[in-house]
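I keep these notebook entries to record what I looked up in one structure. Each entry takes up one topic.

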Amino acid sequence: HTNRATMTSTSKQMFEGVGAPVHVDKSTAGIDPTLDSCCQREIETNRKQSAVEKTLRAHDRVAQAENERRQFNNTGGAGGAFRSFNLVHGLSFGSGCRCCYDPNTDGGDYELLAAAKEELMANLINEQGDEDDASVEHGRHLSDNNRERDGDGDDDSSDDDSEFDYLLDDDVPGLSSEYENQRRAELENLAQRAEILHHHGYGVHRQMHPQRVFAAAGYGTDTMRDVVRPKGSVIHLFDAFSPRSVALDLYLERIAAKYAGTKFVRGIGVASILYADGNGDDAWKKGDLPMLLAVREGKVVAWNAGLKDFFSSADLETRVVEQWLDRAGVLFESPPSLDEICRIRPEETALLENMMKLNRLGDGGLEEEERYNCGV
């Protein structure tokens, strides 16, 4: 009977949105018990409506195609710059989606971290120069050896490789241009998806304003109907004058690219804690700064106050940090789908675009925009 019930539940979830009812989590997790009953019912109603709309969007092929057209709208062909209607330019780290970043407050580095990055860059340039000098010297040494070997007059030992010269030609027989185009399109698509994920805070480690750092990680109670929360997040409440914070931030910037399904953010600790609006789990707020928080699906599941467990003398134990985050269950290598990262729905973007076009009707007309043809 247990297996049959499990199979029935699984089959219902498989056919959600195509005939079967949509599954809604009826638990009261995340709802503040001190709220009035009407407010609790409103949150439950919003959850049900969000679950239904999310399931329907997953099966809406026309909306998905239109969303991809908007997201992957390039200018100038394959080498063109990425352009999106919701993209905010001029941030300290480049560009980002306006659903995640405020151009006036987010981004940047605190003074000690900026100085450490400049020092690392200078060391890297010096090391690169030393490697280039060593390569030139090594090449000169090989050239001298070859010249001495050629001067011996031993031509009998040289092999004739002329029969393999055809492999160096540009046009290799049997190579399909269609396969090359398909592979090139796949690589461009992967690069564009990685760029979109970076615009929404995945695969990178960003500094946020104290009022926005916890919301960016998906922490806290939110009564919005269509909230988008990352599965796992890492929050560093840094101390701007602590060398430990600098070492930890440099390491988090490196591993953020490895775990593209996790959001890494940082904020100044003293001010950020004042804006942390959680679900009653305030025990971590009593810890010492700097602090590292592991957030899973909107809840703090682990925290380390003072970062003392991550350091041996003055050196950061990077392996210990990664193991600690992995045991907390917040490290995800697979990035989320594009439909689950942006808080701005495609229909909202379309409405805003239409309103802006209507406001520009008196400016001499509008260019006709190419629209997606669904085939109906």
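**Entry 1: the chain as a whole**

I counted ten helices and nine strands in the protein chain. Helices (H or I, at least four residues) and strands (E, at least two) are DSSP runs, numbered from the N terminus. The model is predicted: local features need pLDDT of at least 70, side-chain atom pairs count only at pLDDT 80 or more, and totals for chains, interfaces and linings use all residues. Residues are numbered from 1 along each chain as its sequence is written, and side-chain values use heavy atoms, with hydrogens and water left out.

I then looked up burial, where buried means under 20% relative accessible area, exposed over 50%, and partly exposed in between (1.4 Å probe, protein chains only). Of the 376 residues of the protein chain, 31% count as buried. The chain exposes about 24,200 Å², and carbon and sulfur atoms supply 50% of this area. Accessible areas come from the Shrake-Rupley method with a 1.4 Å probe; for residues, only the protein chains shown count as cover.

For contacts, I used heavy atoms within 4.5 Å. Among contacts in the protein chain with a separation of 6 or more, 70% are between residues 24 or more positions apart.

**Entry 2: the nonpolar cores**

Which residues touch the most other members of the largest nonpolar core? I found F214, I235, L237, W284 and L293, in a core of 28 residues. Such a core is a set of buried Ala, Val, Leu, Ile, Met, Phe, Trp, Tyr and Cys residues joined through side-chain atoms within 4.5 Å. Helix 5 (177-199), helix 6 (213-216), strand 4 (232-238) and strand 6 (291-296) each give two or more residues to this core. Another core, of 21 residues, lies apart from it, and its members include I255, Y259, F310 and F311.

V300 lies in strand 7 and is buried, because its relative accessible area is 12%. V300 and Y219 are 81 residues apart in sequence, yet their C-alpha atoms are 7.6 Å apart in space.

**Entry 3: Y251**

Is Y251 buried or exposed? Y251 counts as buried, because its relative accessibility is 5%. I located Y251 in helix 7 (residues 243-255). Apart from neighbours within four places in sequence, Y251 is in contact with L316, T318, V321 and E322. Of these, V321 is 70 residues away in sequence and 9.2 Å away in space, C-alpha to C-alpha.

**Entry 4: salt bridges**

I noted first that side chains of opposite charge can pair when their charged atoms come close. A salt bridge is a side-chain nitrogen of Lys or Arg within 4 Å of a carboxyl oxygen of Asp or Glu. A search of the whole structure finds seven salt bridges.

D109 and K117 meet in one of them, at 3.1 Å from N to O. D109 also pairs with R266, the closest N and O atoms being 2.5 Å apart. This second pair links distant parts of the chain, 157 residues apart: R266 is in strand 5 (residues 262-268), and D109 is in the loop between strand 2 (94-97) and helix 4. R266 counts as buried, at 1% relative accessibility, whereas D109 is partly exposed, at 36%.

In helix 5, E186 and R183 are three residues apart, so about one helical turn separates them. Their salt bridge has its closest N and O atoms 3.2 Å apart. E186 counts as partly exposed, at 36% relative accessibility, and R183 is partly exposed as well, at 40%. Elsewhere, salt bridges that share partners join D109, K117, E253 and R266 into one network.

**Entry 5: backbone and cysteines**

Most residues other than glycine have a negative phi, and most peptide bonds are trans. I found a cis peptide bond joining L289 and P290, with omega about 0 degrees. P290 is in the loop between helix 8 (269-272) and strand 6. E297, which is not a glycine, has a positive phi of about 55 degrees; E297 lies in the loop between strand 6 and strand 7 (299-305).

How many disulfides are there? With a disulfide taken as a pair of cysteine sulfur atoms within 2.5 Å, the count comes to zero.
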